[in-house]
Amino acid sequence: MIEFRIDRRSAVSTYMQITQQVKQAMRLGLLNPGDRLPSAREVVEATAVNPNTVLKAYRELEREGLVDARRGLGTFVTKSLSSKATTGDDAPLRQELSGWMGRAQRGGLVVEDVDALYSAVRDEHYPGEEQP
């Protein structure tokens with residue numbers, strides 16, 4: 001089950017935070033085809049966001065062909081964005097990144113430093129690609 005974390009200080013709209021978190025869970029293999037997303041009511045209770053915001057996020061995911069809303073049953077994942085070979089817990093790249101994060105933390109970097117460094121290096125390797 002996915003647990004949404006809403007950053008109310010973020011410049012990213014709440015509905016986009018929800019869609020991004022669902023996509024991230026799909027990429028990491030936490031959500032797979034056939035899995036049911038939490039109901040709008042469950043998300044509202046957990047995050048205190050407006051129900052229409054949750055529904056807007058789910059509609060966006062449906063528009064992108066990632067989920068299917070079934071009246072009276074819920075919203076279900078229809079596609080996989082996961083590549084377990086590269087994102088699974090035991091994937092070599094994930095283990096390398098985890099090791100790097102540990103070194104960064106021991107070196108005194110705070111999360112904002114890590115985010116800035118990651119973004120700068122990512123942009124060097126993926127120039128011109130749209131970021132969410």
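Q: Which relative accessible areas mark a residue as buried, partly exposed or exposed?
A: Buried means under 20% relative accessible area, exposed means over 50%, and partly exposed lies in between. In this predicted model, Asp7 counts as partly exposed because its relative accessibility is 34%.

Q: What does Asp7 form with Arg9?
A: The two residues form a salt bridge, in which the closest N and O atoms are 3.8 Å apart. Arg9, at 79% relative accessibility, is exposed.

Q: How many salt bridges does the whole structure hold?
A: A search finds seven. One of them joins the side chains of Arg5 and Glu3, at 3.1 Å from N to O. Arg5 is exposed at 59% relative accessibility, and Glu3 is exposed at 55%.

Q: How are Glu60 and Arg63 placed in helix H3?
A: They are three residues apart, so about one helical turn separates them. Their side chains meet in a salt bridge of 2.6 Å, N to O. Glu60 is buried, with a relative accessible area of 17%, whereas Arg63 is exposed at 62%.

Q: What span should helix H1 have at 1.5 Å a residue?
A: Its 14 residues, 14-27, should span 20 Å, and the end C-alpha atoms are 20 Å apart, which agrees. Buried residues in H1 include Gln17, Ile18, Val22 and Met26. Among the elements that cover the buried residues of H1 are helix H2 (40-47), helix H3 (51-63) and strand E2 (74-77).

Q: Where does a residue other than glycine take a positive phi, and is that residue buried or exposed?
A: Ala48 has a phi near 60° and lies in the loop between H2 and H3. Ala48 is exposed, with a relative accessible area of 63%.

Methods
Residues are numbered from 1 along each chain as its sequence is written. This is a predicted model: local features need pLDDT of at least 70, side-chain atom pairs count only at pLDDT 80 or more; totals for chains, interfaces and linings use all residues. Side-chain values use heavy atoms; hydrogens and water are left out. Helices (H or I, at least four residues) and strands (E, at least two) are DSSP runs, numbered from the N terminus. The expected span of a helix is 1.5 Å times one less than its number of residues. Buried means under 20% relative accessible area, exposed over 50%, partly exposed in between (1.4 Å probe, protein chains only). Contact means heavy atoms within 4.5 Å. A salt bridge is a side-chain nitrogen of Lys or Arg within 4 Å of a carboxyl oxygen of Asp or Glu.
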